[in-house]
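Here's a quick briefing to read with the model open beside you. It goes chain by chain, then on to where the chains touch.

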Amino acid sequence: MRTLDKKLLRDLARMKGQVLTIALVVACGVAALVAALSTYDSLRLSQQTYYEQSHFADVFASLKRAPAALQPKLAAIPGVAEVELRIVFDATLDVPRVSAPPVGRMISLPPGGQPQLNRLHLRLGRWPDPDKLDEALLSEGFAQASGLAPGASLRALINGKYEVLHVVGIALSPEYVYSIRSGDPLPDDRQFGILWVAHDALAAAFNMEGAFNDVAVRLAPGASQERVIQALDQLLLPYGSLGAYGRAEQLSNRFVQDEIEQQRMMATTIPPVFLAVAAFLLNVVLGRVIAAQREQIAALKALGLDNREVAVHYLKFVSLITLAGIAGGAMLGIWLGKLMTANYVLFFRLPLMQFRIQLWVLALAGGVTLAAAVLAALSAVRGVVRLAPAEAMRPPAPRAYKRSFIERLWAAHWLSPQGRMVARNIVGRPFRALFTCAGIALALPITVLGLFWMDAIDYMIAVQFGLIDRGDALVSFTEPVDGRAVRELARVAGVRAVEGMRAVPVRLRVGHRDYRTGLLGLSPEGELRRLLDANLEPIPLPAQGVLLTDRLGERLGARAGDSVRIEVLEGERVQREVPVAGLVNELVGMSAYMDVRALRRLLREGDAVSAAALSLEPSRADETYAQLKQFPKVSTVSVKTIALQSFLDTTASFVLVFTGILTAFAIVIAVGIVYNSARIALAERAWELASLRVLGFTRGEVSRILLAELAVEVLLAIPVGLWLAHQCVETLVEMHATEMFRIPAVVEPRSYALATLAVVAAAALSAAVVRHRIDHLDLVSVLKTRE
Amino acid sequence: MGPVVFSARALTKTYRMGEVEVPALRSIDLEIWQGEFVVLLGPSGSGKSTLLNILGGLDTPTSGTAFWREHNLVTADESELTRYRREHVGFVFQFYNLIPSLTVRENVVLVTELADDPMDADEALTLVGLANRLDHFPSQLSGGEQQRVAIARAIAKRPECLLCDEPTGALDYATGKLVLEVIARVNRELATTVVVITHNAVIAGMADRVIRLADGRIASTEVNAKRLSPDELAW
């Protein structure tokens with residue numbers, strides 16, 4: 001057997017081009033699965049570990065103001081293990097060298113510094129001195145984005161005047177792994193930061209001595225979250241609670257959970273399909289490679305080897321190729337998994353991003369590909385050993401060809417004999433042509449799936465910020481103000497237009513379904529905040545009734561004409577049944593809208609405004625921000641361009657990595673298919689091509705016959721692949737719709753063109769390599785092989 | 001006897017097999033006249049195929065000179081050799097080398113499209129007695145029929161010479177004779193120079209001249225006083 005093993009190694013060395021491309025296809029399939037599943041697993045592990053270590057609370061509630069003496073009652077609620085009372089306020093910040101005013105969420109620290117629940121992870125510096133009221137810990141993302149380090153100072157607008165705060169440390173919190181402010185469509189570390197300050201400092205600044213306005217609760221094991229929430233609401237509603245909620249509605253956790261869920265969805269859909277494609281290609285290509293060794297197999301049998309020995313020989317052959325691919329794929333997959341996991345640091349502020357790869361993932365990926373290879377080897381070898389050696393040693397009888405149906409169809413007289421050879425070879429072996437087409441076609445969706453994210457994000461931004469949310473900045477007031485504030489804002493330097501809005505937290509209920517969200521009252525004449533229908537046409541605000549985003553409608557099971565119960569979560573807590581006037585199309589968030597006058601009637605208030613959308617002159621932005629910082633009762637200003645820019649910066653690198661990986665995989669697949677198809681065709685038909693050369697055909701003419709077949713197959717594959725790409729994108733989008741986002745199934749023609757170009761380039765590259773081999777056909781020895 | 005069409009002087013071909021040099025032709029001098037029917041006889045490894053390949057522009061010699069009329073076959077590059085084969089040479093091989101995906105007629109048309117003044121494909125096929133099988137594919141033909149298609153394909157472009165490498169090697173006795181008859185007819189009616197390689201000495205009876213090769217050298221040359229017709233041959 002030693003000699004046979006030498007043959008094995010030499011065969012592998014001789015076919016190195018094919019061996020390499022096949023192993024690469026396997027590697028890509030394995031790598032995709034390993035990378036995606038390990039990223040999902042690592043994210044989940046990192047999240048869970050952090051939540052556990054930091055005692056992330058289970059239930060949260062915000063309220064207006066309640067006496068601290070309520071603590072024993074809260075702790076006595078059955079099922080509550082621990083209660084943490086806090087003071088939480090949002091304030092406009094003034095950061096050196098930053099013109100647009102960011103929002104700081106100020107959270108009180110207990111006297112001991114470290115809270116019992118939602119424990120902080122100190123990254124840098126030290127804890128604030130409980131006696132020094134002007135010391136603060138800063139959240140890491142904000143500190144980095146605004147260039148603040150321990151030792152730096154900033155100012156916070158507290159009760160109408162700016163107070164100086166000294167940064168003494170940088171920290172992370174499980175509550176702000178994903179740092180986003182409710183109402184903002186995008187996270188933005190430059191515009192939103194967390195400041196932890198000593199309890200007494202915050203109590204003094206906001207007149208909250210002996211009081212609190214925020215609760216975090218840890219549940220006892222086995223406790224019912226629902227009952228605890230009910231009990232909390234009962235105790236806290238009189239104090240202006242907006243209603244207690246569980247982790248599922250905690251904003252940061254909801255985003256993190258969403259992202260992990262998306263990663264799980266991605267990991268369990270695309271890579272398995274990808275692996276299946278790789279296994280399929282492996283199976284067919286290896287089968288053809290072995291079938292092409294027909295004469296060698298016969299010779300081995302003639303020498304006295306039995307079928308088992310021959311089979312073992314070829315099993316070794318395919319196993320070596322496949323194992324090389326699996327090993328390479330596992331390494332590549334782990335590397336990519338680490339890269340993708342590390343990329344999440346851009347979004348998720350976790351103290352430690354762990355990486356884990358589970359053995360079963362490797363075993364699954366390896367098992368599937370190895371099984372495909374073994375099956376290919378066995379069926380191909382069986383096909384040959386069934387023949388008597390003498391028969392197998394003779395070249396196969398000329399294939400029976402027929403006039404192709406295409407010729408009969410339109411009697412292609414204009415087709416040259418060469419053209420007919422091409423046509424009959426394709427039609428005469430339909431399964432082979434189909435396989436090649438399928439393989440090439442599959443490369444297209446893979447590339448498009450990578451490219452499409454950028455298109456979708458561009459589209460979302462264009463729709464959300466170009467058509468719906470058209471203001472440049474959003475000003476929120478500390479409490480509802482009357483219409484005069486809007487007129488005053490209009491006089492601020494650089495403000496082109498102002499539109500006041502009334503936003504109120506509500507719980508919407510239809511039957512047994514309910515959802516907590518914001519109800520936004522808009523002016524029917526407004527231009528800065530528009531509502532669109534499914535065709536992106538503006539919808540006029542109805543004088544009566546409420547408009548729901550289509551996903552909110554779906555969530556509540558409500559359609560136009562149904563009745564929805566609105567429970568206002570502030571002020572007098574009005575509850576009223578209101579008809580659903582229609583659905584609006586929005587890609588981000590799940591909100592409800594009303595005509596502001598109808599909303600005011602519902603709330604029984606005058607011309608109150610809680611926020612205002614501003615259109616600004618970009619050239620005077622610095623001046624505008626400086627004046628807004630001084631504006632009374634403005635709690636926060638969020639500036640769209642800044643949020644957009646930082647969002648694009650972080651996603652772009654993320655999407656680029658993802659797209660790059662998928663495109664590289666698609667090219668490997670396309671090369672693997674085209675190159676191997678051409679090489680096998682060349683091996684089978686070298687004799688025919690050499691005959692043509694002897695008859696006087698030039699290298700170019702001969703190459704054209706072989707490569708024209710491939711060209712036709714590529715041309716047939718491209719429309720199929722593009723259609724497939726479109727279907728894949730639609731399916732993916734369907735599966736990825738989350739509460740926060742609905743990714744639109746938008747693929748720009750440019751992306752289709754790029755994907756096609758990548759595949760054509762891969763095919764051309766393979767064709768060039770094969771052309772080189774045709775040019776070096778040794779006519780004499782090729783013709784001699786039959787002697 | 002017509003003018004000399006092929007002439008070789010000190011023609012040598014050495015194959016390099018790894019580190020060993022294997023001489024295939026050792027300094028051959030040879031002239032072939034227009035319209036002549038030459039049979040090259042010799043055992044395996046005698047160099048007859050190498051000689052035929054050089055003559056047909058499939059291979060180039062290591063040293064010496066070889067001319068087809070004014071064409072220098074030694075200095076010609078790849079594209080000149082391709083043009084030479086295209087314009088002057090018709091090949092017939094032991095295993096026919098037909099294109100399986102083309103019909104009988106199309107196999108011939110394939111070649112006539114390359115030539116300046118070709119025969120009509122049907123005419124060439126009539127000449128080899130296959131006028132009734134024009135639309136068949138190679139897989140539907142017997143070996144002898146396939147070989148006759150190969151001959152029709154070779155002569156359809158009206159080559160000046162027809163080179164046949166063991167044309168009856170894969171055929172039975174009766175079919176072989178039929179094929180030889182076609183070759184003789186091409187030589188006779190079209191005045192095509194014919195060179196046939198065989199190790200079947202009986203076929204030599206058909207030739208004007210029989211050249212025996214052994215060990216890369218011309219061992220003997222004999223001129224047949226009377227050429228036999230194929231049906232007079234028996235083996």
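What percentage of the 787 residues in chain A are buried? Buried residues make up 46% of them, where buried means 20 or more other C-beta atoms within 10 Å of a residue's own, exposed means 12 or fewer, and partly exposed is in between, with C-beta atoms placed from the backbone. Bear in mind that this is a predicted model: local features need pLDDT of at least 70 and side-chain atom pairs count only at pLDDT 80 or more, while totals for chains, interfaces and linings use all residues. Residues are numbered from 1 along each chain as its sequence is written, with chains lettered from A and ligands numbered from 1 in the order in which they are written.

**Chain A overall**

- Chain A has 22 helices and 20 strands; helices (H or I, at least four residues) and strands (E, at least two) are DSSP runs, numbered from the N terminus.
- Along the principal axes, the C-alpha atoms of chain A fill a box of roughly 105 × 55 × 50 Å.
- Looking at contacts in chain A with a separation of 6 or more, 84% join residues 24 or more positions apart; a contact means C-beta atoms, placed from the backbone, within 7 Å.

- Helix 2 of chain A (residues 16-53) has 38 residues and spans 52 Å from first C-alpha to last, close to the 56 Å expected at 1.5 Å a residue; the expected span is 1.5 Å times one less than the number of residues.
- Helix 2 of chain A is largely enclosed by the rest of the structure, because 27 of its 38 residues are buried.
- Just after helix 2 of chain A comes His55(A), with a positive phi of about 55 degrees.
- Over in helix 19 of chain A sits Ser653(A), which counts as exposed because it has 12 C-beta neighbours inside 10 Å.
- Ser653(A) and Arg573(A) are 80 residues apart along the chain, and their C-alpha atoms are separated by 45 Å.

**Chain B overall**

- Chain B comes to 6 helices and 10 strands.
- Its radius of gyration is 17 Å, close to the 18 Å that the globule rule gives for 235 residues, so chain B is as compact as a globular protein of that length; the radius is taken over C-alpha atoms, and the rule is 2.2 Å times the number of residues to the power 0.38.
- The C-alpha box for chain B is roughly 50 × 40 × 40 Å along the principal axes, and 50% of its 235 residues count as buried.

**Sheet and helix in chain B**

- Four strands of chain B form an open, antiparallel sheet in the order 2-1-4-5; strands pair if DSSP finds at least two bridges between them.
- Strand 2 (20-33) and strand 5 (71-72) of chain B are at the edges with a single partner strand each, so one side of each has no neighbour in the sheet.
- Strand 4 of chain B (residues 63-68) pairs with strand 5 over 2 bridges, in the antiparallel sense, and Trp68(B) stands opposite His71(B) of strand 5.
- In helix 2 of chain B (residues 78-88), the buried residues include Leu81(B), Thr82(B), Arg85(B) and His88(B).
- These residues cover an arc of only 165 degrees around the axis, which puts them on the same side of helix 2 of chain B; the arc is that of the directions from the helix axis to the C-beta atoms.

**Where the chains touch**

- 23 residues of chain A are in contact with 25 residues of chain B.
- Helix 13 (417-428), helix 19 (640-694) and helix 22 (779-784) of chain A are the elements giving two or more residues to chain A's side, and helix 13 gives the most, with 6 residues.

Conventions
Contact = placed C-beta atoms within 7 Å.
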